[in-house]
Amino acid sequence: MHRPLTNLDTLKKSQSIVVIHNPVAGWRQGSRLRRFVRSLRRRGVEVTVVETAGPGHATALARAERDETADVLVAAGGDGTINEVAAGIAGSNRKLGILPLGTANVLAWEIGLAPRYDLAADVVARGETRSVRLGKAGDRPFLIMASAGIDSRVVAAMSARLKRHLGKFAYVLIGVREAFRHSYPQLELKIDGQTERAFLMIAANASRYGGPFVVAPDADLGSSDLQVVLLRRGGPWNMLRYGLALLGNRLTDLPDADVRPARSIELCGPPGHPVQADGDLVATAPCRIDIGEQVVDLVVPELSRY
C-alpha cells in the first residue's frame, strides 16, 4: 500500500530554490534547463543554478545548501546526480525536486513525470511531497536500485564520454559487447540469511528499471523492504531472453525469474564483482545491500501513484 501524499506549499511562498546541475548529463540538456529556470522565474521565484565539477560534487553542494534558505533543491541531471543530491539532503527539512536530464531518467518514470519533462517546473512549483527511504549498497545510498551481474559490468565498462555522445545506445553497445565477451560468474548471495545463487541480482527500491520498464511491480519508494529480483540462468541468449521480457514488462512472468521482498542482501561473491547503484559503480563484492534509515522528501506530480 502506498503512503498518502502531503501538501507542498507553492514556491510563491518560498524564498528560493537551488538547482544543482550536472553539465555533462544527457544531450540537449542545456535548453531544457534554461526553459525550466525561465518558467520558475516567471512565477517570481528566485532561482540559483550551481554546476557540479565531477563525481560526488553534487552531494557536497547539497550538504552545503541544506543549511541555507532554499526550500527545494532541484537535481538537474541523470539518476546518478539525483542520487548524489538526495544523499546530501537526507534527514534535513529540504525538499528534493528533479529536472531529468539523463539517459534513462528512471526516477522520473517512477513518479509519473516522464515523458512530460516540460512539466518539471510546474511539478516543482505545485507538486506534493512523498517521503522516500534510501537504500544502501555498502556505504553508498541509492534511490532506485542496486544490482550485480551483467548490468553492473556494463556500468563498470561505460565511459562518461560514450554515454554523453550516444545516450541509451551506449548501454546497448556496451551491453552486447559484455554479453559475448565474458563468462557469466554465478553470484553467491544471502537474502535475509538464506543462501541463493543467481546470474543477475537487482535490489529494487522502485518498480522500474532502465527507464519505463517494470522489473519489480511491488517495489515502493516508501517501503522498509526492497524487492529482490533474481535471474537464475546465465549466458548471452538467456540475457537476451530476459531483456526482451523486460521490454514487454513480462520479466516476472518467466519461471526462472524470482521476485520477492527482502530486508537485507549479502553479495558474498565472486570477490571483486562490481556493484552499481542508480547507474554508478559504488562497490564490489563482498557487499551488503539493504534499506537504511535515511529519508528524503521528494517532490512528485499531483496525483502521482507515489
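Start by selecting Ser147: Ser147 stands opposite Ile202, which belongs to β11. Before going further, note that this is a predicted model, where local features need pLDDT of at least 70, side-chain atom pairs count only at pLDDT 80 or more, and totals for chains, interfaces and linings use all residues. Numbering starts from 1 along each chain as its sequence is written, and side-chain values use heavy atoms, with hydrogens and water left out.

Now widen the selection to strands β8 (residues 145–148) and β11 (residues 200–204): they run antiparallel and four bridges join them. Strands here are DSSP E runs of at least two residues, and helices are H or I runs of at least four, numbered from the N terminus. Two strands count as paired if DSSP finds at least two bridges between them.

Next, show the whole sheet. It is open, with six strands in the order β15-β14-β11-β8-β17-β18 and antiparallel pairing. At the edges sit β15 (257–262) and β18 (280–284), each pairing on one side only. On average, neighbouring strands of this sheet are turned by 20 degrees against each other, direction ignored.

What lies across β8, β11, β17 and β18? Select helix α6 (residues 150–157), which runs at about 85 degrees to β17 (274–277). Such angles run from 0 to 180 degrees between N-to-C directions, with axes fitted to C-alpha atoms, for helices over the stretch in contact (heavy atoms within 4.5 Å).

Among the buried ones are Ile150, Arg153 and Val154. Stay on Arg153, which lies over the face of Tyr184, at 5.4 Å from the ring centre. The test here is CZ of Arg or NZ of Lys within 6 Å of the ring centre and within 35 degrees of the ring normal.

Jump to the largest nonpolar core, which has 74 residues; Phe36, Leu96, Leu107 and Leu143 touch the most other members. A core is a set of buried Ala, Val, Leu, Ile, Met, Phe, Trp, Tyr and Cys residues joined through side-chain atoms within 4.5 Å. A second, separate core of 24 residues includes Ala148, Ile191, Ala203 and Ala277.

Last stop: Ser16, in strand β2 (residues 16–21). Ser16 is buried, at 7% relative accessible area. Its contacts beyond four places in sequence are Glu46, Thr69, Ala70, Asp71 and Val72.

Technical notes: Buried means under 20% relative accessible area, exposed over 50%, partly exposed in between (1.4 Å probe, protein chains only).
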